[in-house]
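This briefing looks at pairs of charged side chains. Please keep the sequence and the structure in view while reading.

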Amino acid sequence: MDSPFLLPSNLDLELLNYELYPDRIDLQVISTASSTCCPVCGKLSHKIHSCYHRIIHDLPAGGRRVRLELQVRKYFCKNADCPRKIFTERFVAGLASYARRFDRLNQVLTGIGLESGGNSSTRQAHSFSVKLSASTVLRLIKKCNIPSITAPKIIGVDDWAFKKGRKYGTIIVDLEKHRVIDLLPDREAKTLSAWLLEHPSIEIVSRDRSNTYAAAITEACPQAEQIADRWHILKNLSETLERFLDTQRGEIKETALRLSQQQQKSANEQIIPDKAETLPQRAVFAGKYYDNFLKVKELQSKGYSIRKIAITLKMSRSTVAKYWNRIEFIPKTSHKRSNILDFETYLQQRWQQGQQSAKALYEEINDQGFTYSQATVYNAVRNYPKSVLEPLPESVKATYYSSKQLSIWLGMYQSDWQDYMPIEFLRKLLEENPLIKVVREIALEFRQLMKAKQGDQLRDWCNKALDSGVESLKGFVRGVKQDFKAIFQAFTSEWSNGQVEGQVNRLKNIKRQMYGRASFELLRKRVILMGIPDFHQM
């Protein structure tokens with residue numbers, strides 16, 4: 001057997017004999033060094049005291065474990081002043097004192113441990129004939145030293161959840177080198193500020209919309225340029241659009257109902273004629289409401305608050321808020337919808353069982369929570385056939401969508417709408433509700449300015465959003481002005497927090513590999529060292 005293929009080349013070793021077994025190879029090896037230095041005083045010694053044997057494990061060969069029985073020497077120290085009289089032979093590199101594995105095997109196991117964690121690394125090591133426990137893998141990881149940070153200039157900062165809703169930390173990423181350089185145990189301003197003071201070379205910091213991080217950066221690095229994360233800005237805009245749509249739920253439901261009625265009418269026009277639809281719809285007298293609308297808009301233009309307008313005009317604040325958010329007056333053309341559709345299945349069942357009295361049906365569902373009049377029940381069942389053998393007419397049920405879902409769809413360009421979306425409903429909603437259309441156009445304009453990096457038009461957009469009179473947009477603009485410099489840089493700078501979010505996802509994956517039970521220090525080492533190229537060879 002040729003020993004250079006089995007023994008480390010950086011050690012003075014000689015192969016004496018070997019034995020082959022089905023699962024391992026045993027090698028008998030001696031050290032060929034003629035002298036060594038005392039570990040205490042450093043003086044070279046040639047005088048041998050005795051020999052002893054060490055069992056060392058090495059990288060596998062041919063699918064078999066390799067175990068070395070290494071004969072090493074003990075030496076006398078010739079320095080009379082040295083407290084160590086007898087010492088064991090030391091190797092310059094490749095094998096540490098008291099070690100039972102060569103450094104090259106430890107490097108491989110450490111790399112696997114950093115990538116996979118304890119238990120998974122144990123299974124992988126067994127697959128290539130190396131036996132060790134998960135605790136050993138974790139000890140190897142903990143022995144790793146994190147290299148010092150070399151003057152980062154452009155960093156990204158974000159928070160991550162050690163335990164969601166309870167405990168959070170901070171991740172710091174070098175945006176130029178695309179790797180994590182540190183993890184902090186919390187997301188407090190003083191912790192980040194202390195870290196930044198230790199690294200005065202920082203010139204640019206990309207962050208989310210957190211006021212805590214903004215304050216820490218301003219305090220520790222006032223010269224650094226702050227960049228707000230574009231994704232978080234657009235998320236805030238989507239939340240603003242969602243809050244606005246919450247104030248328009250009545251109009252949205254009316255649009256959905258009218259669309260369903262039109263679709264049902266076209267589908268069943270010859271099957272179930274509805275005489276009521278041939279009659280002109282009774283319009284609600286709008287004169288008084290229109291006057292109130294004009295009064296509200298007049299006081300709004302003078303700077304009155306919603307509460308003050310409500311007191312002045314002796315109106316409810318909800319009505320004032322409704323007029324406040326509208327650009328033009330929209331007359332009410334239909335009565336308030338009842339909850340009769342919630343009981344429609346029950347009414348049809350009882351009708352087919354023979355109970356065809358509207359009064360009796362009203363009394364039954366009234367006990368179940370129906371809150372409207374007997375006339376509403378009569379109008380619901382008046383087109384039902386008298387014979388139980390005839391099929392009942394199909395009901396008109398509108399499909400409603402949450403404000404959050406609508407904010408996502410309306411925040412997209414029409415060219416990006418997909419087939420699974422209710423495109424017909426979205427178009428009808430924009431046609432019948434001019435205020436929703438205006439707010440959507442303002443939101444899309446903001447997205448377009450960010451996409452085109454036209455930060456010079458951000459102030460003009462803010463003024464346009466304020467002129468719309470929509471309270472939710474005003475709140476968004478206030479947030480933009482409070483963090484204007486950072487948001488302006490988000491519109492113009494090439495840097496963003498995108499790769500930081502990616503590193504957070506990687507951190508979550510590593511954390512879940514350890515089932516959320518790992519210590520902060522172990523998690524920190526795995527996240528940082530795994531991002532260093534050839535970390536297992538260091």
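With which residue does Asp26 form a salt bridge? The partner is Arg24, and the closest N and O atoms of the two are 2.9 Å apart; a salt bridge here is a side-chain nitrogen of Lys or Arg within 4 Å of a carboxyl oxygen of Asp or Glu. This is a predicted model, in which local features need pLDDT of at least 70 and side-chain atom pairs count only at pLDDT 80 or more, while totals for chains, interfaces and linings use all residues. Residues are numbered from 1 along each chain as its sequence is written, and side-chain values use heavy atoms, with hydrogens and water left out.

**Salt bridges around Asp26**
- Both Asp26 and Arg24 are buried, a word that stands for under 20% relative accessible area, with exposed meaning over 50% and partly exposed in between (1.4 Å probe, protein chains only).
- Asp26 also forms a salt bridge with Arg67, where the closest N and O atoms are 3.2 Å apart.
- This second pair links distant parts of the chain, since Arg67 is in strand E6 and Asp26 in strand E2, 41 residues apart; strands (E, at least two residues) are DSSP runs, numbered from the N terminus.
- Arg67 is partly exposed, with a relative accessible area of 30%, whereas the value for buried Asp26 is 10%.

**The pair Asp23 and Arg65**
- The side chains of Asp23 and Arg65 meet in a salt bridge of 3.6 Å, N to O.
- Asp23 lies in the loop between strands E1 and E2 and Arg65 in strand E6, so the pair ties together parts that are 42 residues apart in sequence.

**The wider count**
- The count comes to 17 salt bridges.
- Glu254, Arg258, Lys428 and Glu432 are linked in a network of salt bridges.

Methods. Helix = DSSP H or I, 4+ residues; strand = E, 2+ residues; numbered from the N terminus.
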